[in-house]
Amino acid sequence: MADAEIRAALDRHWAASDANDLETEHQIYREDAVLDYPQSGERISGRHNIQSSRATQPNRKRFAMRRITGSGDLWITEYVLTYDGIPSYRVSIMEFVDGKVVRETQYFGDPFEPGQSRAQWVERIP
C-alpha cells in the first residue's frame with residue numbers, strides 16, 4: 001500500500017476516534033492486531049477486543065492531532081487526547097502489514113509545569 005493511502009487511512013482513523021465512530025475507527029486494524037500500553041503493562045489482542053475495550057470507556061474523549069509521520073510499514077502519530085477536559089499527550093506507533101495495523105504501541109504523558117532552570121532558553125508552545 002502506498003504511503004498516501006496509509007496516510008489517508010490514518011486521517012480517517014483519527015477523525016473517527018474524535019467523532020466516537022467506533023466502526024470506522026477500527027477498520028484500520030487487522031483481525032489479529034495487538035495494542036500495547038507499556039506504561040500500564042497491558043496488551044489487548046485482536047481487533048474485536050481493542051474495539052470492545054474502547055467502547056466501554058466512560059470518559060468523554062477528544063483527539064487533537066499534532067503530527068503524523070511515517071513511511072512504509074511504520075507510522076507515528078503525536079496527539080493530545082483530552083479525557084473529560086483533561087489533556088494527555090500521546091504517541092501512537094503503528095506497524096502495518098498489507099495496509100492494516102498489526103501492532104500499535106501507545107505512550108502517555110501528562111502535562112507538567114516547565115522547569116525554572118531552563119526558563120531563559122524556553123519558548124512556550126501551544
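Predicted model: local features only at pLDDT ≥ 70, side-chain atom pairs only at ≥ 80, totals over all residues.

Biologist: Let's start with H13. Is H13 buried or exposed?

Modeller: The general idea is to compare the relative accessible area with a cut-off, and under 20% counts as buried. H13 has a relative accessible area of 1%, so H13 is buried. This residue is found in helix α1, which covers residues 3–18.

Biologist: Which residues does H13 touch, leaving out those up to four places away in sequence?

Modeller: With that exclusion, H13 touches E25, I28, Y29, R54 and M94.

Biologist: And how does T69 read, buried, exposed or partly exposed?

Modeller: Values between the buried limit of 20% and the exposed limit of 50% are called partly exposed. T69, at 38% relative accessible area, is therefore partly exposed. It lies in strand β3, residues 61–71. Not counting residues up to four places away in sequence, T69 touches W75 and I76.

Biologist: Now the strands. In which sense does β5 pair with β6?

Modeller: Strand β5 (residues 86–97) pairs with β6 in the antiparallel sense, over 9 bridges. M94, one of the residues that H13 touches, stands opposite E104 in β6. The two strands form a hairpin with 2 residues between them, and D98 in the turn has a positive phi of about 55°.

Biologist: What about β1 and β6, parallel or antiparallel?

Modeller: Strand β1 (residues 29–37) and strand β6 (residues 100–109) pair in the parallel sense over 4 bridges. Here D36 stands opposite T105 in β6.

Terms used:
Residues numbered from 1 in each chain as written. Heavy atoms only, no water. Buried < 20%, exposed > 50% of the residue type's maximum accessible area, 1.4 Å probe, protein only. Contact = heavy atoms within 4.5 Å. Pairing = 2+ DSSP bridges.
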